[in-house]
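Here's a quick tour of the model shown below.

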Amino acid sequence: MKVFLLFVFGLGWSVYLGGALVMAWVWRPLQKGLPPGQTGILCLKMGRIYKYLALVSLGLVAVSWAILGLIDHHGVLIGSNGVFEVGVSGLLRGIIGAAVWLALVGFVLFMGVFLHPSSHVRAETNQGEAGREKMKEMRLKSISRMNKVLKAELATALVATLIMALSSATVIPGGH
Amino acid sequence: MTSTWVSVLASYLHLLAVAVYLGGSVAMEFVLGPAQKFIPPAQAQVMGQKSADRFLTLVWGSLALFPISGMLLLFSTSNQSQVSGDKFFTTTYGRTLFGMIFLWCVLVINGVIITFVLRPRLNQKASGKGGGSNVSANLERAGKAARWVSIITRIDLGVAVFIVLLGASMAYGNGLI
């Protein structure tokens, strides 16, 4: 059971982090070489799929982590003598884990629900030149914000991975 | 405490490599791939080439990280005694590790086939090399190559998922095989 839960946790986390890395390392730089219209279509289609993929993977991470915590009582991933487990109290570990998870879900939702749709708004034909300019400005602002949020999301995810490494790396008594 | 921190670093790199390989492949196959159908084929091909070039850098980086971080992890946690000598084949832990190494070899071989055999065939289609009379033959070869890339990528995904299962079994217990 614990092996299966850790497997689900690993799968969910890998899909989430790998997806975020591909978006930042592969897709973002690629956008610069594509015509704006096609970038818009691709961004719209990929954004939708990625949003659900990220949320489902984070959901799997949360469920498996919570059940593992209930089974193990001390809420750990691998064992009770990980660096993170020895150095940080059980309650604080739970708070840190939940806070990081909520932050990641928040980033995905903020991008998927607010920034992504507003980066695709189009001016109505009766809005005139001023309206079109305003919409363009809004789009550019959203894209710029999205780049910043994506970087913040990646940084948080990498810190979370470090916490997992601290949790899985066993403290070796007298190890040198 | 040095081995503890080497173990933390090794775990971090190992987790990162798995995420890049597995999650990256999922994103390329199920996010970037399907979206390409919504733009003109020529543009989709250019995009596919550029994205694959960038992604292959990540793939080879993570494939290189697997054995390095894995060995560091094994030695820093003093688990090498569990796989020394014939224990590599006679214990569950050893066999599971052997299974992981074998599957890593499968991923490397598939990576070599995609990078050095199939990708050049796909690139040939984009550049139109080979002259007018060879265009249809090139197109057919490229189509076949694209199908093989897709098949191998899915096989790699399945293999990577199984490796995660083996890794989980080693982290929590004595292995699976």
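Chain A has five helices and zero strands, where helices (H or I, at least four residues) and strands (E, at least two) are DSSP runs numbered from the N terminus. Along the sequence that reads α-α-α-α-α. Bear in mind that this is a predicted model: local features need pLDDT of at least 70, side-chain atom pairs count only at pLDDT 80 or more, and totals for chains, interfaces and linings use all residues. As for labels, residues are numbered from 1 along each chain as its sequence is written, while chains are lettered from A and ligands numbered from 1 in the order in which they are written.

How confident is the predictor? pLDDT is its confidence in each residue, from 0 to 100, and chain A has a mean of 80, with 81% of its residues at 70 or more.

| Part of chain A | Residues | Mean pLDDT |
|---|---|---|
| H1, highest confidence | 2-31 | 89 |
| H3, lowest confidence | 83-87 | 61 |

Where pLDDT is low, the predicted coordinates should not be read in detail.

Of the 176 residues of chain A, 34% count as buried, meaning that 20 or more other C-beta atoms, placed from the backbone, lie within 10 Å of the residue's own. Two residues are in contact if their C-beta atoms, placed from the backbone, lie within 7 Å. Among chain A contacts with a separation of 6 or more, 81% are between residues 24 or more positions apart.

Now for H5(A), residues 128-168. This helix has 41 residues and reaches 59 Å from first C-alpha to last, close to the 60 Å expected at 1.5 Å a residue, counting one less than its number of residues. Its buried residues include A:Met146, A:Glu153, A:Ala157 and A:Met164.

H5(A) packs with H1(A) at an angle of about 145°, their axes 10 Å apart; axes are lines fitted to C-alpha atoms over the stretch in contact, and angles run from 0 to 180 degrees between N-to-C directions. From H1(A), A:Leu17, A:Ala20, A:Met23 and A:Ala24 meet A:Leu150, A:Glu153, A:Leu154, A:Ala157 and A:Thr161 of H5(A). That set divides into seven nonpolar, one polar and one charged. Here Ala, Val, Leu, Ile, Met, Phe, Trp, Tyr, Cys and Pro count as nonpolar, Asp, Glu, Lys and Arg as charged, and the others, Gly among them, as polar.

Finally, the chains: their contact takes 44 residues from chain B and 44 residues from chain A. On chain B's side, H1 (2-35), H2 (41-76) and H5 (135-172) each supply at least two residues. H1(B) gives the largest share, 23 residues. The chain B side divides into 28 nonpolar, 14 polar and two charged.

Notes. A residue is buried if 20 or more other C-beta atoms lie within 10 Å of its own, exposed if 12 or fewer, and partly exposed in between; C-beta atoms are placed from the backbone. pLDDT is the predictor's confidence in each residue, from 0 to 100.
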